[in-house]
Amino acid sequence: MGYASDPRVVLTLDAGGTKFAFAAVRGDRLAVEPVTLASNAHDLKLCLDTIVEGFTKVKEKAPAPPVAISFAFPGPADYPAGVIGGLGNLPAFKEGGTALGPMLADRFSVPVFLNNDGDLFAFGEAIAGFLPWVNGLLAEGGSPKRFRNLFGATFGTGFGGGIVQDGRLWIGDNSAGGEIWLFRNKLDPKSNIEESVSIRAVRRVYAQEAGISAEAAPEPKDVFAIGRGEAPGPRAAAVEAFRRMGEAAGDALASAVTLIDGVVVIGGGLTGAAELFLPALVAEMNGAFETPSGPVPRLEVTAFNLEDAAQRAAFVRGEAREVVVPGSGRRVTYDPLKRIGVGLSRLGTSQAVALGAYAFALAELDRR
């Protein structure tokens, strides 16, 4: 996108349920130390005052006047209009809509851009994280293949997603592109996929497998420690909790990849346990349908786990070969191995969201 050395400053916000982290971004890095404030999510006026206060503080610390404000905020929302609907984790925002973007535009006299965190995570990883890393691996390995499309998935409180197609963030006509959390759940077809790909899912399955109440289930980081044998507890239950999440996520991501045909990057709070879920996720993507005439591959492409050294090498190597052009004898090289890579965030989720917000704002300004 060409924004790594751009001198313009954009103010950003990482909006959590209990805390708001404000920052200023210039180029491909944070330009100030972030300012963190309690969200005050119980009271709308207090919450809005907090947002204004946070942006005011980072504006005062920024190395230049901001050209825009750009950040992720939970939905439902009309993101292009900057209007936020009723939110579960920020109860101050009621049904009926709050014109957060226009309010900030009036207060700070700059354009304001809102998106969801899955979209901005994907955009940040496409610009300065996973996508250039993948293409760098291919270049270093002498492969002519390059990727331009990416699906970004976040595993945490929920299961988020975002799509980047050839350098453009795919938002959709209703600000609802990439909403993978509403895919059907392979493991429980009556529910949506987020019920098997989330913090609550890991805790619930662990409790079921361990024979304890859901309320007594530890947090995923503790389940992970048990699964690695680093903490006491039923190890098989911990391993199964993450394996099952990987299987469910792999099924949903296979459907997404079928339409997008690009690499997949995973971020969010659960990525620290990737060694327990990523193999199952990629195996599910490479699985098969059972049909009356026999197995049919789940994907037209092969998915490679790029966190595994052997799979990463095979992905870079491909199957390049030469063929002769009929009638001329000239030789051309082609690679018949249709493939995608699946791996973890190269930036960290928060930084990817901030850089995605920055690049989105500048791209929109440059199109005006």
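This is a predicted model: local features need pLDDT of at least 70, side-chain atom pairs count only at pLDDT 80 or more; totals for chains, interfaces and linings use all residues.
Which residue stands opposite Val264 in strand 12? Phe151 does.

Residues are numbered from 1 along each chain as its sequence is written, and side-chain values use heavy atoms, leaving out hydrogens and water.

Six strands form an open sheet, in the order 11-10-9-12-18-15, with mixed pairing. Strands here are DSSP runs of E with at least two residues, helices are runs of H or I with at least four, and both are numbered from the N terminus. Two strands pair if DSSP finds at least two bridges between them. Strand 11 (168-170) and strand 15 (302-305) stand at the edges. Each has a single partner strand, so one side of each is left without a neighbour in the sheet. From one strand to the next, the twist averages 25 degrees.

Now strand 12. Strand 9 (residues 149-155) runs parallel to strand 12 (residues 263-267), and five bridges join them. Gly152 stands opposite Val265 there. Strand 12 also pairs with strand 18, again in the parallel sense, over three bridges. In that pairing Val264 stands opposite Val342 of strand 18.

How buried is strand 12? Five of its five residues are buried, so the strand is largely enclosed by the rest of the structure. Buried means under 20% relative accessible area; exposed means over 50%, and partly exposed lies in between, with a 1.4 Å probe and protein chains only. In a regular strand, side chains alternate between the two faces of the sheet. Here Val263, Val265 and Gly267 point one way, while Val264 and Ile266 point the other.

Take Val263. Its relative accessible area is 0%. Leaving aside neighbours within four places in sequence, its contacts include Phe130, Leu131, Phe147 and Ile340. Contact means heavy atoms within 4.5 Å. Val263 and Ala126 are 137 residues apart in sequence, yet 9.7 Å apart in space, C-alpha to C-alpha.

Ala126 brings us to a helix pair. Helix 3 (residues 117-128) and helix 4 (residues 130-140) pack at about 30 degrees, with axes 4 Å apart. Axes are lines fitted to C-alpha atoms, for helices over the stretch in contact, and angles run from 0 to 180 degrees between N-to-C directions. Glu125, Ala126, Ile127 and Ala128 in helix 3 meet Phe130, Leu131 and Pro132 in helix 4.

Helix 8 (residues 274-285) lies across strands 9, 12, 15 and 18 (339-344), at about 160 degrees to strand 18. Helix 9 (residues 309-317) packs on the sheet too, touching strand 15 and strand 18. Its direction makes about 135 degrees with that of strand 15.

To finish, where does helix 10 (349-367) come in? Helix 10 is among the elements that give two or more residues to the lining of the second largest pocket. Helix 2 (100-108), strand 8 (112-115) and strand 11 are others.
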